[in-house]
Amino acid sequence: MKLWRWDRGRQNSGYEKMLLLGAKWPIPFDLYLLRFGEGSSIPPHTDRVESGRHHRLNIVLRQARAGGDFLCDQPIYESSRIKYFRPDRAEHSVSKVKSGTRYVLSLGWVRRS
Ligand SMILES: O=C(O)CCC(=O)C(=O)O
Ligand SMILES: [Fe+2]
């Protein structure tokens, strides 16, 4: 785990992530800052976990000027800035940022079932 450094995003589609905080105990969680520069996107995917239920609360700190829209099958709660969803179950994606830069604060945790 690399803390406080920009790292290439998992889907390798141009976005970057920075791990701000994370722990495995008592509840596994992570807190990332995500940065989507012009031309970046995330194709439709799910984020599986080995066991338990993955929850994620994303707060859009800065919207792109154009593009960069979050799309999710079945969000638990969604407003223009707040997206709460089950990334292991609900397919989600981010459309290509056409102009500007998008920033997201992303808090994820896994509930053991
Ligand atoms: O940036 C977003 O809105 C979603 C990123 C994503 O795929 C995730 O948080 O699992
Ligand atoms: Fe995801």
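## Strand pairing

Strands β5 and β12 run antiparallel and are joined by nine bridges. Strands here are DSSP E runs of at least two residues, numbered from the N terminus; two of them pair if DSSP finds at least two bridges between them. In this pairing region, R53 stands opposite R111 in β12.

β12 also pairs with β3 (residues 29-36), again in the antiparallel sense, over eight bridges. F36 faces R102 of β12.

## Model and numbering

This is a predicted model: local features need pLDDT of at least 70, side-chain atom pairs count only at pLDDT 80 or more, and totals for chains, interfaces and linings use all residues. Residues are numbered from 1 along each chain as its sequence is written, while chains are lettered from A and ligands numbered from 1 in the order in which they are written.

## Overall fold

The protein chain has twelve strands and zero helices (H or I runs of at least four residues). Its C-alpha trace spans about 40 × 30 × 20 Å along the principal axes.

Of the 113 residues, 17% count as buried, meaning that 20 or more other C-beta atoms, placed from the backbone, lie within 10 Å of the residue's own.

## Ligand shell

Ligand 1 is surrounded by residues including L34, R56, F70, H92 and S106. β5 (53-62), β10 (92-94) and β12 (102-111) each supply at least two shell residues.

The shell divides into six nonpolar, three polar and two charged residues. Nonpolar covers Ala, Val, Leu, Ile, Met, Phe, Trp, Tyr, Cys and Pro; charged covers Asp, Glu, Lys and Arg; the others, Gly among them, are polar.

Note on methods. Near = placed C-beta within 6 Å. Buried ≥ 20, exposed ≤ 12 C-beta atoms within 10 Å, placed from the backbone.
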